[in-house]
Amino acid sequence: MGLTREQFDIIYNNYNNKRLNNSIKQNNRLQDIYAKIPEIKECDLEISALAAKAVRTALNGDTSLKERLKTDIAIISERKKALLLSNGYSSDYLDPIYDCGFCQDTGFIDGRPCECLQKEMTHSLYTSPELEDVLQRENFDTFNFDYYSENYIDETSGTSSLDNIETVVDQCQYYIKQFDKSADNLLFYGKAGCGKTFLINCIARELIEQSYTVLYLSAVEFFDLLSNITFNKSNSSAFGQITMHELLQCDLLIIDDLGSEMANSFTDSALFDCLNNRLIHQKSTIISTNLSLEDLKNSYSERIASRIFGGYTTFKIFGDDIRIKKQITN
């Protein structure tokens, strides 16, 4: 998946702004120090004079001052550091300021993208403005256990919705911590309004912030994308420039609300191919559905059910309808 020109321009301008803002910050520090410690300004003037003298002699064919200049500047620099320390500042207080010290806010190291640039590109490629807005609202910091009751008991397990969700959240956080060490897959199921999508958003937020590539699609969007790619005979679709390669190779694929799509022979085959390919290549997938496990088994082919039940950790989410609770409390 490639960056659009607009996405590239945004990233490029961000790096320009970083360098400009840090340059202004460094200059403000320098002017403040000059006012408080005039001796440091004298040191800088002395360095400038030595450099100018070395340039003049070099232009006349004499380069003997060039090596001596390095030694003289080093001595004066040590004097500056001593002055800073004696006045309560760190010795590197006047050094150039960078958000990323590795690439010095250029985005590249020896012609290759720095880790900070890769993170920016990942964010642009896989995070739509709409999803970003949702993830700012729905994350572990805003997760509210008060919506789950000790009095709501699941008949099958005998567990309260509160005890259950506390266990599930712990498992989700463990999944995030172990994400780079395993290729686990998760299935969240239960009736609508119990917080399945909110939980998935919590996981997506954490992994996106760690620079993992996360593709988040509703079931309808997922099958529309596959249909566009398949029947338009193209490797990519108009949907967010997502290619089949990205769909199969992204670090985490999220399919939300499986079962809401119009099922047919194509959706069954496409779903199997995608899930099977990701299992083979050890790429993680998270699925949520309002269907029960029995309904899921009856709604899809046996081979799909086999892949899901055999390769996914399942979590039942249950309790009162949170949407209704929010309306009542608001």
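Begin by selecting Phe143, Phe145, Tyr148 and Phe198, which together form one aromatic cluster. Rings of Phe, Tyr and Trp (its six-membered ring) pair if their centres lie within 6.5 Å; planes under 30 degrees apart count as stacked, over 60 as edge-to-face and the rest as tilted. By this rule the count comes to nine aromatic pairs.

The model is predicted: local features need pLDDT of at least 70, side-chain atom pairs count only at pLDDT 80 or more, and totals for chains, interfaces and linings use all residues. Residues are numbered from 1 along each chain as its sequence is written, and side-chain values use heavy atoms, with hydrogens and water left out.

Next, select tyrosine 175 and phenylalanine 179. Their ring centres are 5.7 Å apart with the planes at 75°, so the pair is edge-to-face. Tyrosine 175 has 5% relative accessibility and counts as buried (under 20% relative accessible area; exposed is over 50%, partly exposed in between; 1.4 Å probe, protein chains only). Phenylalanine 179 is also buried, at 6%.

Move to helix H3, residues 64–86 (helices are DSSP runs of H or I with at least four residues, strands runs of E with at least two, numbered from the N terminus). Its buried residues are Leu65, Leu69, Ile76, Lys80, Leu83 and Leu84. Just after H3, glycine 88 takes a positive phi of about 90°.

Finally, select arginine 303, which lies over the face of phenylalanine 272, 3.9 Å from the ring centre. A charge sits over a ring if NZ of Lys or CZ of Arg is within 6 Å of the ring centre and within 35 degrees of the ring normal.

Definitions and conventions: Expected span 1.5 Å × (residues − 1).
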